[in-house]
Amino acid sequence: MNFNDLFHFLEELQQNNNKEWMDANRKWYKSLRNDFITWLDDLDMTMAQLHDDYYPTPGKKGINRINNNLMFHPNKPIYKDHFGAGLDKAPNSADFYIEIGLKHCLLAGGRWRPDSKTLRSIRDAIDYNGEELQKILDKPSFKKMFGGLYEDEKLVSSPKGFSNDHPHIELLRNKTFAVEYQLTRADVLSDDFKEKIVAVYKEMLPFRQYLNQAVTV
């Protein structure tokens with residue numbers, strides 16, 4: 001995968017974010033998209049060896065559309081400034097997300113503002129065994145890699161059904177349960193990029209498994 005070419009394409013696209021330019025350069029886009037899918041396929045096969053419950057996700061199923069959803073976000077540009085994909089993408093699960101773009105290059109996983117039913121399941125899991133999640137978050141290597149949970153909106157008071165003096169009230173107040181690892185363009189272009197992704201995936205795995213277990217019990 002020629003990531004230099006991918007960055008070049010995205011830079012040109014953002015300077016010409018319209019359908020006319022995309023139509024004129026669609027061959028370039030399709031070539032990059034196919035290369036990205038092939039790269040994802042290889043990464044998928046590598047990560048499938050890391051644990052028994054890995055959910056194989058071919059690149060074609062993992063890759064996201066480059067078009068923004070203008071129905072819900074009419075003020076956004078027509079096209080995104082990144083290529084994104086989810087792997088280990090079982091139904092109703094916290095997948096492993098990869099984004100390579102101009103503003104952000106990152107690896108992430110978890111639940112971004114889940115629906116009320118899913119959020120309730122996560123909070124019930126924390127109520128039952130929040131010590132396990134806190135242990136994952138407090139692991140030195142995890143804190144070094146991710147810092148902590150992704151900073152997002154929190155409830156000011158306790159969620160319905162939980163007291164303000166709950167031992168895990170700070171976790172329960174979260175609306176998003178996700179972590180992310182920021183990459184630089186140099187990381188993406190480095191020879192050991194794949195090895196870095198695998199290291200981040202492995203460190204994140206217990207966190208994602210906790211969340212996935214929470215919504216399946």
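The following legends describe close-up views of side chains in a predicted model.

**View 1. The tilted ring pair of W21 and W28.** A pair of aromatic rings is described by the distance of the centres and the angle of the planes. By the pairing rule, the count comes to 16 aromatic pairs. In the pair of W21 and W28, the ring centres are 6.3 Å apart and the planes meet at 55°, so the pair is tilted. W21 has a relative accessible area of 13% and is therefore buried, whereas W28, at 22%, counts as partly exposed.

**View 2. The edge-to-face pair of W112 and Y150.** The ring centres of W112 and Y150 lie 5.4 Å apart, with their planes at 70°, so this pair is edge-to-face. W112 belongs to the loop between β3 (105-111) and α5 (116-138), and Y150 to the loop between α6 (140-146) and α7 (169-172), so the pair ties together parts that are 38 residues apart in sequence. Y150 is partly exposed, because its relative accessibility is 31%.

**View 3. An aromatic cluster.** One cluster is formed by F3, F9, W21, W28, Y29, F36, W39, F83 and F193.

**View 4. A charge over a ring.** R185 is placed over the face of F7, at 4.1 Å from the ring centre.

View 5. A polar atom of the E203 side chain lies 3.4 Å from the backbone nitrogen of F142. Apart from neighbours within four places in sequence, E203 is in contact with K139, S141, F142, M145 and F146.

How values were computed:
Residues are numbered from 1 along each chain as its sequence is written. This is a predicted model: local features need pLDDT of at least 70, side-chain atom pairs count only at pLDDT 80 or more; totals for chains, interfaces and linings use all residues. Side-chain values use heavy atoms; hydrogens and water are left out. Rings of Phe, Tyr and Trp (its six-membered ring) pair if their centres lie within 6.5 Å; planes under 30 degrees apart count as stacked, over 60 as edge-to-face and the rest as tilted. Buried means under 20% relative accessible area, exposed over 50%, partly exposed in between (1.4 Å probe, protein chains only). Helices (H or I, at least four residues) and strands (E, at least two) are DSSP runs, numbered from the N terminus. A charge sits over a ring if NZ of Lys or CZ of Arg is within 6 Å of the ring centre and within 35 degrees of the ring normal. A polar contact is a pair of N or O atoms within 3.5 Å; within protein, one must be able to donate a hydrogen and the other to accept it, and residues adjacent in sequence count only if both atoms are side-chain atoms. Contact means heavy atoms within 4.5 Å.
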